[in-house]
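Open your viewer and keep the selection tool at hand. We will go from one stop to the next.

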Amino acid sequence: MSIEAGVLYIVATPIGNLGDLSPRAVETLHQVDRIAAEDTRHSAGLLRHFSIDTPLVALHEHNEREKSAVLLQRLSKGESIALISDAGTPLISDPGYVLVRDAQEADIRVVPIPGPSALIAALSASGLPTDRFCFEGFLPAKSGNRRKQLESLCDEPRTLVFYESPHRIVESLVAMVSVFGSGREAVLARELTKTFETIRHATLGELAQWVVDDANQQKGEFVVLLRGTPAVAEEEDREGQRIAELLAEELPLKQAAALAARISGGRKNALYQHLLQKKQP
Ligand code: SAM
């Protein structure tokens, strides 16, 4: 592979497991004139591991505007530059948007070197629908804004994907339970590709309780995924729900859902989720 002059390469790096850096990424990082990194000290470790000694320059959220202008000048003079972030794909909840947008406007070629991203890794192993999804990144830090943001997603039918840090995982899960209800199907993907990788599929209430009860589950990096709100029930679904609700007065929820599905032709899981949501306070 040969690097082209005056091209900006957007290079994905591992989210934990160094084996995930692609050969093409290694070659690009070796060959470019300069690497713009979110945290040069952090990235120096990765580059050392691959014996890459390309000069590094910092590009982070606090200097992105001025550093982008300098990098664009270098690109227009024919330098090749790679952008990396601390982990995963640059620009995905990471700096780089200003640089890429300005490069596009200046007719500088932008070439992605794809690779890991926590969002896609989590989604691919979540067992939730992946045909359509909605990436929400980090929720606002302030509780009022966070709640408002979550409420705006109440009717979202696509799978929801959030990033979360160890400092706020408990608060965020608790807020999600209070907005979406404890019965919502959810997945917590923690420390992906690392030693303590954990992917847990449960109801939102169960997940929140599990994390609250076990301090070990509050450590590391997280992706939280929620099944979207079921589309407005069609006539036959409503009939299934009516039957399931009646049966649930006499039977355990799972049994009621299974029986209602057989009677109405509806989906057992959807009816079970419906009963769980009905049951919550
Ligand atoms: N650009 C990165 C990407 O493509 O995934 C995301 C950067 S963002 C600043 C960092 C967040 O990504 C973490 O707080 C966490 O939510 C998620 N994340 C990164 N690495 C992860 C991992 N190994 N396991 C789970 N989540 C991770």
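Which side chain has an N or O atom 2.8 Å from a nitrogen atom of the ligand? Select D94: its side chain holds that N or O atom. This is a polar contact, a pair of N or O atoms within 3.5 Å.

The model is predicted: local features need pLDDT of at least 70, side-chain atom pairs count only at pLDDT 80 or more, and totals for chains, interfaces and linings use all residues. Residues are numbered from 1 along each chain as its sequence is written, and side-chain values use heavy atoms, without hydrogens and water.

Next, select L192. A backbone N or O atom there lies 2.8 Å from a ligand nitrogen. Then pick A87, where a polar backbone atom is 3.2 Å from a nitrogen atom of the ligand. Taken alone, the ligand exposes 570 Å², and the protein buries 92% of that (Shrake-Rupley areas, 1.4 Å probe).

Finally, color domain 1 (8–116), domain 2 (119–226) and domain 3 (234–279). These bounds come from an automatic or database assignment. Between the C-alpha centres of domain 1 and domain 3 lie 52 Å.

Notes: Polar contact = N/O pair within 3.5 Å; in protein donor to acceptor, adjacent residues only side chain to side chain.
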